[in-house]
Amino acid sequence: MMNNLQYFLIPFLDWHIMGLLWGGVLAGIWVGAIPGLSGTMAVSLLISFTFSWELNNALAVMCGVFVGAVYGGAITAILLNIPGAPAAIATGMDGYPLAKKGLAGKAIGLCTTVSFFASMVGVVTLAVAAPIIANFALKFSPRDFFLLAAMGILLIGSIGGGDPVKGIMAGVVGILISMVGMDPSTGELRYTFGNLNLMAGISFVTAMIGLFGVSEALTQFRDSRAKSPKQDLTKIMPDWTTFKKYLPLALRSSAIGVFIGALPGTGGDVAALLAYDQAKRTIRHPETPFGQGALEGIVAPETANKGAIGGAFIPMLTLGIPGDAITAIMIGALFIHGLRPGPMLMIETPHLFWMIVSMLTISSVALFVLGLLSVRPFSKIIEIPKSIIMPVVIILSVIGTYAIQNSVTDVFYMIGFGALGYFMRLYGYPTGPMVLGIILGPLLDSNYRRAMQGAENEIAQFIAGFFTSPISLFLTLAIAFMLFSQTKTYRKLRGID
Amino acid sequence: MSDEQILNATAPADLSVYVPEKVRKPGEIGFALLGIIFGLLGYYFALDMTHDSYSAPSVFPKIASTIIVLCGLVSLVKAIKREAPAAGETAFGYLLPKDVIVMLVMLLVYCFALPILHFPLASYAFMVIGMIYLHGGKKIIQSFIYSGIALAALVAVFRYVFLVILP
């Protein structure tokens with residue numbers, strides 16, 4: 001016990017590690033805020049020039065960038081309705097309407113505070129319950145992942161923001177787009193039409209930047225002479241009453257985040273959307289309706305995606321299985337430094353586990369301080385006249401798209417998605433579900449097929465599986481509840497307006 | 001102004017939020033029809049994929065295409081049932097006001113120019129021309145200066161800090 005505490009305290013006492021952590025968080029915030037630049041990309045870049053560093057230093061900068069990047073994604077989502085990362089898609093739904101009302105400072109301030117809280121929840125869970133959660137997460141079968149993805153698809157009703165039929169249509173078009181390319185199971189080409197560029201599929205980041213960034217810019221051009229709203233920056237930090245009010249929601253959403261983050265293959269994006277949906281279904285009377293600037297719509301996704309950080313480290317450190325893309329890269333970094341992540345890691349090198357817990361703790365504090373210090377300069381961005389900011393946003397979108405795989409073709413796809421998103425907005429088809437469909441499509445398709453193969457291609461056996469395993473049964477019941485909660489009967493019973 | 005007042009203040013119209021209207025938007029029927037055609041084509045091309053079992057690669061594309069067609073039909077019927085838009089309102093005029101057309105064309109020209117002029121020159125030209133146009137032909141010197149600052153910041157951050165290869 002005393003040894004563990006000693007390991008935990010090392011980064012606090014080492015100014016070099018401390019500097020790398022704070023620097024990493026600051027860089028991560030900017031990386032996350034810029035659409036197209038992702039934490040995954042930044043951490044993979046870091047591997048190339050930290051492999052000769054001491055392991056602790058390399059891990060410090062990676063942990064800092066990871067935490068900062070997840071937070072940074074929310075900044076542009078709130079200010080410009082362009083999520084810096086998929087995990088911030090839900091945040092923009094209520095954050096952007098707040099910015100349009102001149103409350104960007106309040107939105108980012110609340111986002112920063114609850115992010116710190118949730119990040120700490122994730123770290124504490126990692127420290128206390130890692131082996132238990134990791135063993136539970138390993139029990140998930142392809143059928144359970146299929147059900148989890150199906151739950152995600154059901155969120156379309158929540159994030160659609162209007163006519164459910166149009167929301168479903170947009171989401172399913174997204175799923176169909178995600179099928180483009182080489183089928184990962186059989187290698188068969190789907191919807192490629194002999195075009196080599198389509199064989200690798202269409203990146204969801206390309207679609208996201210187009211559907212959110214370019215379509216937003218085009219929409220703004222309809223009224224480009226309109227003045228940008230003046231931002232109220234008098235009260236950035238939420239007071240204790242406000243924090244207390246959102247504490248139960250923050251706790252619930254953080255727990256969702258930790259658990260989803262701990263599942264291999266799912267991360268902050270799915271967690272944030274599930275938490276947003278959960279908040280929308282359970283909060284009876286928000287001060288402002290969801291989709292129009294509800295603070296609950298910022299608290300839920302932001303706490304979930306920060307909780308998912310700690311969650312993602314659970315299977316990585318206890319089982320050697322990555323919880324998400326960034327932890328997958330970090331496993332690579334551990335290998336480079338001669339370590340073998342897996343069940344023996346915690347036994348053979350307990351100091352590593354406790355130092356990572358410590359690094360994530362420091363990163364969370366750095367996130368809180370640097371995030372609050374960044375609110376004012378970030379909020380000023382939205383006050384820049386549209387005639388100046390929108391051409392820059394377009395260039396930013398082009399760079400972000402090109403950076404994914406250095407392809408001008410991707411830039412053309414992005415413009416295509418931008419134009420499509422613009423037309424969809426004008427006719428009331430929400431763009432959020434389409435991105436959700438593109439993200440969840442492969443998860444849904446591959447796990448359905450694995451589960452069906454496991455059931456020997458027998459539909460009856462496949463369906464029976466939903467009721468024979470406890471996890472599948474729980475998820476099936478959760479889906480049934482989600483469907484029921486959309487009915488008028490449920491809303492009447494709960495007294496929800 | 002209190003937080004409550006600010007929260008309840010009228011926000012600019014958010015086009016991403018669907019508001020059911022009595023009157024159909026110009027071109028709405030056409031857009032729903034395009035959705036149906038997209039779904040039908042999706043199904044048609046899925047027929048070429050392997051379909052020998054319930055776990056074949058064609059299963060999800062077929063299911064998705066069918067749902068798209070069904071949703072498109074519902075949207076089409078809903079659109080037809082609504083009142084027609086005012087006479088003289090065309091889909092083209094509704095979807096593509098002058099500023100949007102100009103910026104879209106500029107964006108396409110910019111993308112085609114990228115491999116030829118390379119990032120710094122093409123982007124600078126795009127930003128300068130875009131800003132001057134959006135300022136209504138005014139603030140020419142400011143547009144040159146702002147574009148220069150933005151370009152320098154973008155190149156510094158992406159090329160030299162994050163080591164991103166620019167087009």
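At what angle do the axes of helix H10 (residues 204-221) of chain A and helix H5 (residues 98-134) of chain B cross? The angle is roughly 140°, and the two axes come within 8 Å. Axes here are lines fitted to C-alpha atoms, for helices over the stretch in contact, and angles run from 0 to 180 degrees between N-to-C directions. Helices (H or I, at least four residues) and strands (E, at least two) are DSSP runs, numbered from the N terminus. H10(A) is therefore oblique to H5(B). Angles under 35 degrees count as roughly parallel, over 145 as roughly antiparallel, 65 to 115 as roughly perpendicular and the rest as oblique.

The model is predicted: local features need pLDDT of at least 70, side-chain atom pairs count only at pLDDT 80 or more, and totals for chains, interfaces and linings use all residues. Residues are numbered from 1 along each chain as its sequence is written, chains are lettered from A and ligands numbered from 1 in the order in which they are written, and side-chain values use heavy atoms, with hydrogens and water left out.

On H10(A), the contact (heavy atoms within 4.5 Å) is made by Val214(A), Leu218(A) and Phe221(A). H5(B) contributes Asp99(B), Val100(B), Met103(B), Leu104(B), Leu107(B) and Leu134(B). Eight of these residues are nonpolar, none is polar and one is charged. Ala, Val, Leu, Ile, Met, Phe, Trp, Tyr, Cys and Pro count as nonpolar, Asp, Glu, Lys and Arg as charged, and the others, Gly among them, as polar.

Across the whole interface, 80 residues of chain B touch 77 residues of chain A. The two chains bury about 7,200 Å² between them. Buried area is the accessible area (1.4 Å probe) that two parts lose on being put together, summed over both. Carbon and sulfur atoms account for 74% of the buried area. One salt bridge (a side-chain nitrogen of Lys or Arg within 4 Å of a carboxyl oxygen of Asp or Glu) spans the interface of chain B and chain A. Glu28(B) pairs with Lys166(A) in a salt bridge, with the closest N and O atoms 3.1 Å apart.

Over all chains, the search finds nine salt bridges. In chain A, Asp445(A) bridges to Arg190(A), with a closest N and O separation of 2.8 Å. Asp445(A) lies in helix H19 (residues 432-454) and Arg190(A) in strand S2 (residues 189-190), so the pair ties together parts that are 255 residues apart in sequence.

H19(A) also packs against helix H20 (residues 459-468) of chain A, at about 110° with axes 8 Å apart. The two are therefore roughly perpendicular. Tyr448(A), Ala451(A), Met452(A) and Gly454(A) of H19(A) meet Ile459(A), Gln461(A) and Phe462(A) of H20(A). This contact has five nonpolar, two polar and no charged residues.
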